[in-house]
Amino acid sequence: MTNYRTLIFVVLSLIIFLNGQSIFVARAVAESKVHIVYLGEKQHDDPEFVTESHHQMLCSLLGSKEDAHGSMVYSYRHGFSGFAAKLTKSQAKKIANLPEVVHVIPDSFYKLKTTRTWDYLGLSASSPKNHLNETNMGEQIIIGIIDTGVWPESEVFNDDGIGSVPSHWKGGCQSGEMFNSSHCNKKLIGAKYFINGFLEENKSFNSKESLDFISPRDLNGHGTHVATIAAGYYVQDISYKGLAGGVVRGGAPRARIAMYKGCWYLDDLDITTCSSADILKAMDEAIHDGVDVLSLSLGSVVPLHGEIDIRDGISTGAFHAVLKGITVVCAGGNSGPEAQTVTNTAPWIVTVAATTLDRSFPTPITLGNNKVILGQAMYTGPELGFTSLVYPEDPGNSNETFSGTCEDLSLNSNDTMVGKVVLCFTTSSSSGSVSSAAGSVKKAGGLGVIIARHPGSDLEPCLDDFPCVSVDYELGTNILLYIRSTGSPVLKIQPSTTLVGQPVGTKVATFSSRGPNSIALLFSKYPDIAAPGASILAATTTNTTLNDGGFIMLSGTSMAAPVISGVVALLKALHPDWSPAAIRSAIVTTAWRTDPFGEQIDAEGSSRKLADPFDYGGGLVNPEKAVKPGLVYDLGLQDYVLYMCAVGYNDSSISQLVGERTTCSNPRPSVLDLNLPSITIPDLKEEVTLTRTVTNVGPLNSVYKVKVEPPLGIQVTVVPKKLVFNSKTKTLSYQVRVSTRHKINTGFYFGSLTWSDSVHNVIIPLSVRTQILQNYYDEN
């Protein structure tokens, strides 16, 4: 969606600058900064009592009730216990030494991870037999969304025909700038905003002059877009720039939406950022308010923090939400296609990758030699008749500067480009390179631009519908050879059209972050599941650049995560007794490993390859199959405790996190036994044996047989080979013995393990890497 590497550099530069001010400016008093003091599971059910205990702790540190109240930014008192407060470094160090404190860390920041989708996934509203209609489209489910806010006037929040608000809802709508309770209804049932952490870290922010609204109202449209994808109500006959027309709706179109605004626009830096303190408070409130699903299209970047390190506020808040039965769905990040870039990887979070849809926007380019090339664009202006074509390059006898690099077109003289269509090349697959090239050519008086770049899926129109067409390097080189072959090259550009279905294939999007997990390779979680996240049409604010009647196309795992949130809402409606882990398992084990047409799913990157679990987890979500998975891999509190013991967290931290005394066994349990719907072994040398447990959620009397597709060079044995369930036996365990034939260190190889009763195929991915010589070892 945007150049996030630049964004992160700017944000980190700001944080470094703020942290370093005391070096350059003499201060009489030590500088106070927002710190998050995390106390783990709350010890009392009365939130007022919990808050008072926080004030008392601060009072004992600061010396007076007045100073304690002045220091307090937030009290986290619903889902867990903790607070955000303004503290100096020495004060933070003192409070961290208290026995009841788990962690104290400075506030940090997250970034945003930013139609056809539901028909493509088999959830067409026109089909009376699908499970969308069986759940009344999720009407009793509440989806909480933490993002940039909401544009309540959008048609997607219409509540016509929707019943009364679910009885378990305890939230409300918070008034603020251009927003009050009248903006909420039976569809948009909640809207709150959290800005205190952001304000403490951005002292120069002027709320009166800022473009952002100090209220739940959305400025940049990201939150509105995300909410639409998850649960937007039906809006008929919507198209974008004349392309991709049809019905816009969310996955659970009658589900209720509660928006928690925790991300804010910094006018002077032209970025949107999210304070960890604000996000934690939003999660705390959402738990209290009664949401059934939490959807977060934001996250951090590598290097990551540990799952119970409060610096990863999303992971910490999600842990407490999941223990209360709330499924937490998060975007996996937009740092692909590099490996080990996936974020939001805690084992209690559903982590989402992004794929393309079976849709493209072919745009015919006719060269002067009558050869027709199909580029990709969202150009809906008039046909551009035969026009002069140029590639800016030095003819060998000129003192002028020439550049055919898209990002450097502005270095060319206007005479080079005026009245012409310009061909340029770029190594970037971001839409930013397209907009940069189009801006330079248009400013110079050019009439259009052809961008030759690595094939990617990040496509958007250029401002004012300026003709800008993307082609791959092969087609770009063919155009360049034509230019060099004639003294007067010309071309014609026709408007784009929309092509849906075959022969357009599904791919894991270039930008989608890839596994394995970089924080705990022994655990090696990758994206759990993939969903469409490229060029997704949904609602936005009416003041957003490039919006068309309040709708826009955006790309990112930000768009893929709410697809899964919508699916989760439908599953929750059908199976209210399923745990978040059971819902995740149902989605992962029933996913498509081919596209809905049976064609292979490729992964875009520097060279396209067949997608594997590190790209898309279990595969592409299959909502209809997920309703009846047959077996599920469940997890509960004790499983998460064993996991934390296995990866080395101490007894004290775990005890405070879960609210009860915990002692890890000696030796510690194996992390390989964590009951995830996947098996990953990153350091196989000697034979290992691990255990998985499955619960029957299908017919009572069922017999499942195992089938293994082992990774290359890996031996996999499953015991027993048959699982027999009946009215008394609903849960069974099996063991998996894994050994390697490889004699050298290898990369990861992939396979699968399937339990089948001839009706249900319960598939989990296998990922194994042989490491004869370890990259590191314990000297002890």
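Ala, Val, Leu, Ile, Met, Phe, Trp, Tyr, Cys and Pro count as nonpolar, Asp, Glu, Lys and Arg as charged, and the others, Gly among them, as polar. The views below are taken from a predicted model.

**View 1. The lining of the second largest cavity.** The second largest cavity holds about 60 Å³ of space. Its lining is made up of Lys525, Tyr526, Pro527, Asp528, Val588, Gly617, Gly618, Pro677, Ser678 and Pro765. Sorted by class, the lining of this cavity comprises five nonpolar, three polar and two charged residues.

**View 2. Helix α15, a mostly covered helix.** Helix α15 spans residues 580-589, and ten of its ten residues are buried. The buried residues of α15 include Arg584, Ser585 and Thr589. Ala581, Ala582, Ile583, Ala586 and Ile587 are also among them. Val588, another buried residue of α15, is one of the residues that line the second largest cavity.

**View 3. A stacked aromatic pair, Phe194 and Tyr260.** The structure holds 18 aromatic pairs. Phe194 belongs to the loop between β7 (188-193) and α7 (196-201), while Tyr260 belongs to strand β10 (residues 256-261), so the pair ties together parts that lie 66 residues apart in sequence. Phe194 counts as buried at 6% relative accessibility, and Tyr260 is buried with a relative accessible area of 1%.

**View 4. An edge-to-face aromatic pair, Tyr704 and Phe725.** The ring centres of Tyr704 and Phe725 are 6.1 Å apart and the planes stand at 85°, so this pair is edge-to-face. Tyr704 is in strand β35 (residues 702-709) and Phe725 in strand β37 (residues 722-725), and the pair links these distant parts of the chain, 21 residues apart. Tyr704 and Phe725 are both buried.

**View 5. A cluster of aromatic rings, and a charge over two rings.** Tyr38, Tyr74, Tyr76 and Phe80 are linked into a cluster by ring pairs. Elsewhere in the list of ring contacts is Arg217, whose charged end sits over the ring of Trp151 at 4.7 Å from the ring centre. The charged end of Arg217 also sits over the ring of Phe213, with 6.0 Å to the centre of that ring.

**View 6. An open sheet of four strands.** The strands follow the order β11-β12-β5-β14, and their pairing is antiparallel. The edges are taken by β11 (263-266) and β14 (298-299); each has a single partner strand, so one side of each is left without a neighbour in the sheet. Strands β5 (residues 109-112) and β12 (residues 271-275) run antiparallel and are joined by two bridges. Tyr110 stands opposite Cys274 in β12.

**View 7. Strand β15 and its parallel partners β13 and β16.** Five of the five residues of strand β15 (residues 327-331) are buried, so the strand is largely enclosed by the rest of the structure. In a regular strand the side chains alternate between the two faces of the sheet. On one side of β15 are Thr327, Val329 and Ala331, on the other Val328 and Cys330, and all of these are buried, which leaves both faces covered. Strand β13 (residues 293-296) runs parallel to β15 and is joined to it by four bridges. Leu294 has Val328 in β15 as its bridge partner. Strand β16 (residues 350-355) also pairs with β15 in the parallel sense, over three bridges. Here Val329 stands opposite Val350 in β16.

**View 8. Thr540 beside Ile552.** Thr540 is located in the loop between β28 (536-539) and β29 (551-554). It is buried, with a relative accessible area of 2%. Thr540 and Ile552 are twelve residues apart along the chain, and 6.3 Å separates their C-alpha atoms.

**View 9. Val490 beside Thr387.** Val490 is placed in strand β24 (residues 490-493). With a relative accessible area of 24%, Val490 is partly exposed. From C-alpha to C-alpha, Val490 and Thr387 are 5.1 Å apart in space, although 103 residues apart in sequence.

Terms used:
Residues numbered from 1 in each chain as written. Predicted model: local features only at pLDDT ≥ 70, side-chain atom pairs only at ≥ 80, totals over all residues. Heavy atoms only, no water. Phe/Tyr/Trp six-rings, centres within 6.5 Å; stacked < 30°, edge-to-face > 60°. Buried < 20%, exposed > 50% of the residue type's maximum accessible area, 1.4 Å probe, protein only. Lys NZ or Arg CZ within 6 Å of the ring centre and 35° of its normal. Pairing = 2+ DSSP bridges. 1 Å grid on protein atoms, 1.4 Å probe; cavity = no way out; pocket = protein on both sides within 12 Å on 5 of 7 lines; lining within 4 Å. Points joined across faces, edges and corners; volume = space filled by probe spheres on them.
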